[in-house]
Every structure is written in structure tokens, then in C-alpha cells.
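Please take a moment with the sequence and the model shown here before reading on.

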Amino acid sequence: MRFPGLIEKESLEDPLRLLATFCSEEHLDRLKEIKNPRLWRDIAEVALVARPASIYVNTGSDEDKDYIRKRALENREEYPTVHPMHTVHFDGPKDLARDKGNTRILYPGGRQVPLINTFDRDAGLTEIGKLFRGVMSGKEMFVSFYLYGPRYSKLSLYGVQITDSAYVAHSEEILYRNGYRDFVEKGEELEYMLFIHSAGERDENGWSKNVENRRIFIDLEGNSVYSVNTQYAGNTVGLKKLALRLAVYKGYREVWLAEHMFIVGVKGRGGRISYFTGAYPAGCGKTSTAMIADTVVGDDLAIIHAVNGEARAVNPEVGMFGIIDDVNPRDDPEIYSILVNPSAEVIFSNVLLMEDGNVWWRGKPGEPKKGINYAGEWWPGKKDENGKEILPSHPNARFTVSIRHLSKLDPRIDDPEGVPVSGFIFGGRDPSTLPPVLEAFDWKHGIVTMGASLESERTAAVLGQVGVMELNPYAILDFLPISVGAFTALHFEFEKKLARSPKIFSVNYFLREDGKFLAEKRDKIVWLKWMEQRVHGEAQAIETPVGYIPTYEDLREIFARELGKEFKEDLYEKMFTIRVKGFLEKIERVTKIYSTIPDTPREFFEIMDKQTQGLKALEAMHGQKVSPFKFDKK
Ligand code: SPV
Ligand code: MN
């Protein structure tokens, strides 16, 4: 029972009979095809509590997809544009991003976990039960089935989405592989994650009205997530960040990794492809790195298992929910061309929909003209109640599109075995210390000093002092259901299952001198190619106390080959100078936080201590800034 006290247990004894009061015969038959009584009870219980007018069982057929799109338009959850395959969704001014405060991990007994927003499980389920009571009355409830990974893969998970939002179902049809037939094939034995969502009451603009009662509760024990009074996809699309928490938890118990990482292929000598996964906090270059690589398996999430001693990764998704702000034809030709291709199905969210039926976002050539946006009607110069100009499209405006439109889509996207992972990349935004690329000594060193220690500079987009470094371990802090100490221990355990561990790298595209970035945007490909060569033992490296850095000669060669650019020795020296003070400060900041987390492995502190000793010895010998030319090559 999911909603204690709200319904009689007996009422679920014959779930199909009960569901017959909500479903047409055709849709009831669709449910009957899946011989899984637990699933029938789950759906019946939600229906009994939320009281929808009807239930639509989505099989992922073309007819079902068309119906869902049509319903999204009829419900005014989406608006048509000049292109029939392009629609626009608005979340409303108070529902434009993930709600961290109201997203909580339910723990029995109200257990607290440092840095994680937890809540007592019983209290949480009671509260959510009340919010779901009758919440779908008069509305249609969609039930959809998805794979979280390739078909017939041991790495994949399964999810059921129940929602009263056609926009959510529509997004999921683009972003995930429909799994109706897998549910039918697997019947009773199938374990699934359950996502229950309601947009709640909507106002005359179609926005969720009761956003103050927005709740996203993650029930680890029940393998379920409840989300209500919100529409923003990061809060509602179950298989995205809600599933990530459940997957991390399952991986923690079974020793595999669910990561907030892209998966890309980088071409090397003889045309070989080596795969890398990469975790970057927001605004640190994750998407642009994925797009500059030679092939793309995924842009946001990765499930990584040890298979016969090898780390193998699958992308649980087949679509992108990407930031559209500043996507322009010059910097992002690939994404831009997809977004203006009339035959690609796109849901734009929180952009400007102009009166002529065209959409506009910052970066799109042409001027924004009168229309509607995330805050209602818009016209050039429109101001809010404080006299501040309202942007035509929101900085968190997004596009939802199938990844299959990418010309660089990796042919192994659907490989049930996943792709072998040669390297993990952790990318932060650091103005003053970290070099553009750095290789860890070994797995544990990388996990501790690069993954667990991942920080990014707070930018103007977030309130507070600009330039302050914020810890975001593995770029997954917002989505962690367990402590970062336990997550770090999991990475140590994971390595024990590997015969050969991926190399670990950190990258930093934001190193500045005199306020100017030392690296250009397009240099990213150089760091990727260097990593690819390192994986195959083809590039040299210089050992420093914080890890290995590239040699000047290797980089000069790669810059010339990849970009036709002359890489100057003095730029190399600036980029790869070891800034001892900055590194020591980072260790101090990060260690201070981990010392408040009781389940941090002892080795974490040992590795940090060793690094501190190494840096201090270096400082004693060469001072606070040490040129890469002072070290020996390896
Ligand atoms: C992110 O913020 O990391 C995203 C978008 O990928 S959301 O789905 O909102 O999490
Ligand atoms: Mn993400």
C-alpha cells in the first residue's frame, strides 16, 4: 500500500475490476496483457486516490504517440508553432527549475544524511497521500512503460510513469525507449521503478497553481517517486533525475554506478574509438564537450557496470533535455540545425513563442517579437512589477529532442553490452588553480581528488558571492540519495570488480590569467585527444604531486593536428604551472566538508594527506608556482 490510511486494503483485492471503472475495454486489455498483479495494484491504488476521469494506457505505438501529442495541445500544456513537429511548453514563472528544497529522500525514522535533503518516510507518504487525493479529478491519467537503458540489456532498468500531464508523457516518448512490449514479455518477474506525477490544479495560463505545495518525494524503499504541483521536467519526468536517485541507490546495494555523466567516443590512431564518461556541474562545459567529441552515446546520464572485469556504460536515455539559452549557429551548429529542422520532433520549453508562430530564444538570429513566454504575454521592453525587464526567453529554457538526430550519434547507442569505458572525466569551473587537463595517479587518487573533490565556481546565475568555490561531488550532489561518503566508498568497491580500471582525468576550461581565459573553447578537443592517447600509452606525461600533466611536445603536436594551431611554449607554461597554494586551499576546503560526513572512507583522508605532503615538499623546493619544466618526464 502506497497511501496508508486513504483507501481500504480490500479494495485492491481485484485490481482489474477496479481498473475497469476507469479504463475503456481496449485500455484495460492493454493492462491485462502485462501479467503483473503488482503493477495492476499500483495503478489501481493511484487511480483510487487521485480519481482521474479516465486512464490511457500508452503502448508507444505511433497512434499512442500521436494521441499524446494531440492531448498536450488540447490541454494547452503545449502550443503549436509554424512547424507541426515543433511545440512549445511553458512551466510558469514560479516553476522554471528543479526545486531542491522540496525534493526529499524519504528515510524510515527520519534518518538524517549530511548534505542530503531527507524526510521521515511515514510523514512524507502521509503528506503526499493528502496532496494526491482527488488531484486528477476530471483529468485523464496516462500510464506509460519505459526502459532505462537499451533493450535486452542486463544494465537496463525499467520504469512506469503515471501522470496526468500529456506534456510529461510526450517528453518521455522522446527521451526514453518505450518498454510496453518488454513489460508484456517479462510479466510478473519484472522489477520496475514507479513514478507518480500530477501537475495539480492549473491556472488560466496552464501553469501549476499550487506551487507552494510542490513536492517531489523519493521513496527508496518503495522504489517510487511522487511528484505533485509542478511541471518543470527536472521535477516531473520520472525517468530523468527522479530515476537517477533510485538507480544510484540500487547501484549502491549491488555495486554498480549510476552517474550524472555524458558518454562519448574519441577517435584515436587507426580510427579506433575510446569511450569516456564525464561529470560536470552546471555551466562547466558538459554539453559542449559531448558535442565536440567524435561520437555521442549520451549527454547526461550513464549506468556503468563491471562486466567481465571491464567497466561498461549504457545511456539510459535516447533524448536530450538541453539548455537552449545561447544555442547559436556558430557555436553549436549541430544542435542548432536540429532545432530548426522542421522534421525533427522538438518540444521547446520556456522560450518565446511569437505571434507569427515562430519561436525565439537568445542565440537565435533575428529579433524577438511580441508573443507569449514563461511569464505570460511578452512584448519588447516588457517589465516586471519591480521595473526589471523580462527576458524574452528564460535562461533555463530548454529543448527536448531525440538524440538520434545527432550526426555524431554513436552506432553503439543501443548495444545491450554497453560501451567499454577507458576514462572518467571530472570537469569543474576553476578560475585560478586547476590546469586544463590532469590525469590521476590511479583510480582511488582520481575518485578522491577529482570526483569526490569536484568543485565549481559560483557564477552570476546563482545568488551569493561570485568566485566562491562550491563542492559538487561527481556533479551529482543534487541527485544523491545517499551520503557522498558512501558514494565514494561505492566507487572504491566498484574498482574491486574491475580487471582494468578506467583512467581518471580532471579538466578545467576556465583557468584565467589577468581575467582572460587561457584556453579557447575549441581547445577541448585537444584535451580529449590527449586523454585518448594516454589511455593507449601513446602520450608522455609529467609527474607532479597532484597527478600527471601533458608534455609540451605532445600538446604542440595535437594542437597542430586537430586545430591547425601553433601552441606556444609560454602559453603551455602558464596553463600547466602547478599553483601550490590553490591546490592546498582546495584540499583544505574539501577535507573540511568530508570530515563532517561520518561514512567517508579512511583512505579518502589518507590520499588527501599524501597530496598535501607532496605539495608542501614541492613548495619547499620550488616555491608557490612551479613551472611544468621543473619536473621530470615519465
Ligand atoms: C541538470 O540540471 O543537470 C539537467 C536538467 O540535466 S534537469 O533535468 O532539470 O536536472
Ligand atoms: Mn543533468
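The model is a predicted one, in which local features need pLDDT of at least 70 and side-chain atom pairs count only at pLDDT 80 or more, while totals for chains, interfaces and linings use all residues. Residues are numbered from 1 along each chain as its sequence is written, chains are lettered from A and ligands numbered from 1 in the order in which they are written, and side-chain values use heavy atoms, with hydrogens and water left out.

**Ligand 1**
- The residues around ligand 1 are R98, Y232, G234, K240, K241, H260, D300, F321, R398 and F479, each having a heavy atom within 4 Å of it.
- Polar side-chain atoms lie 2.6 Å from a ligand 1 oxygen atom for K241, 2.8 Å for Y232 and 3.3 Å for D300.

**Helix 17 and helix 18**
- The axes of helix 17 (residues 580-594) and helix 18 (residues 602-622) come within 10 Å and cross at roughly 160°, the axes being lines fitted to C-alpha atoms over the stretch in contact, with angles from 0 to 180 degrees between N-to-C directions.
- The two helices are therefore roughly antiparallel to each other, a label for angles over 145 degrees.

**Helix 14 and helix 15**
- Helix 14 (residues 524-535) packs against helix 15 (residues 552-563) at an angle of about 120°, with the axes 10 Å apart.

Notes:
Helices (H or I, at least four residues) and strands (E, at least two) are DSSP runs, numbered from the N terminus. Angles under 35 degrees count as roughly parallel, over 145 as roughly antiparallel, 65 to 115 as roughly perpendicular and the rest as oblique. A polar contact is a pair of N or O atoms within 3.5 Å; within protein, one must be able to donate a hydrogen and the other to accept it, and residues adjacent in sequence count only if both atoms are side-chain atoms.
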